[in-house]
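The sequence and the coordinates come first.

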Amino acid sequence: MNAERILMMVAMTAALAIGANAQSVKHVRVVRRNADGGVTSTRGTVAKGADGGVVAHERRTSTNGQGSVTTSGGTAFRGPNGTRGVRGGTTTVNSDGSATHKSGFAVSGKNGGSIESTGSSERGADGSASGERQTDITTNNGGTYQGQTT
């Protein structure tokens, strides 16, 4: 997941949380024609609990008028105890049947532990496929784990 996406989600969480009262949920949805000859649908939700926790989620799906579709979304949260996290992903399916997916998440606890994971996968029009994921974990006492799968 790229840094711009994470920053966008954090900013969206903060902006939407300001407008949400304790124990409230707000939704927004927009559907419009886009410059690529297709349609773009965007929706967002923010919820805030009485204990101070907040979560925001958005999803955007676009077609290009030529048979391809891209969907992306993200979620960010802040728990009442100081835990924070973000998740984002994008998937594109092309008119020839090929597809790509990229996603990632990061969570940090109030006591210093954290986990971050990013990954991607591809499917060719011929049916070939590949993918990978990298995960890094740090415990609150300094222990670490790094793993990669392909």
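The model is predicted, so local features need pLDDT of at least 70 and side-chain atom pairs count only at pLDDT 80 or more, while totals for chains, interfaces and linings use all residues. Residues are numbered from 1 along each chain as its sequence is written, and side-chain values use heavy atoms, with hydrogens and water left out.

**Whole chain**

Along the sequence the order is α-β-β-β-β-β-β-β-β-β. Of the 150 residues, 26% count as buried, meaning under 20% relative accessible area with a 1.4 Å probe and protein chains only. The accessible surface comes to about 9,100 Å², and 52% of that belongs to carbon and sulfur atoms; the areas come from the Shrake-Rupley method with a 1.4 Å probe. Among contacts (heavy atoms within 4.5 Å) between residues at least 6 apart in sequence, 33% join residues at least 24 apart.

Thr40 lies in strand E2 (residues 39–48) and counts as buried at 1% relative accessibility. Leaving aside residues up to four places away in sequence, Thr40 touches Val30, Val31, Arg32, Asn34, Arg60, Thr61 and Ser62. With one of these, Asn34, Thr40 makes a side-chain to side-chain polar contact of 2.9 Å; such a contact is a pair of N or O atoms within 3.5 Å, where within protein one must be able to donate a hydrogen and the other to accept it, and residues adjacent in sequence count only if both atoms are side-chain atoms.

Ala56 belongs to strand E3 (residues 54–63) and is buried, with a relative accessible area of 0%. Ala56 and Thr75 are 19 residues apart in sequence, and their C-alpha atoms are 5.6 Å apart.

**Paired strands**

Two strands pair if DSSP finds at least two bridges between them.

| Pair | Residues | Bridges | Turn glycine and phi |
|---|---|---|---|
| E4 and E5 | 69–78 and 84–93 | ten bridges | Gly82, about 100° |
| E5 and E6 | E6: 99–108 | ten bridges | Gly97, about 95° |

E4 and E5 form a hairpin with five residues between them, and E5 and E6 form a hairpin with five residues between them. Thr71 has Thr91 in E5 as its bridge partner, and Val86 stands opposite Ala106 in E6. In a regular strand, side chains alternate between the two faces of the sheet.

Conventions
Helices (H or I, at least four residues) and strands (E, at least two) are DSSP runs, numbered from the N terminus. Buried means under 20% relative accessible area, exposed over 50%, partly exposed in between (1.4 Å probe, protein chains only).
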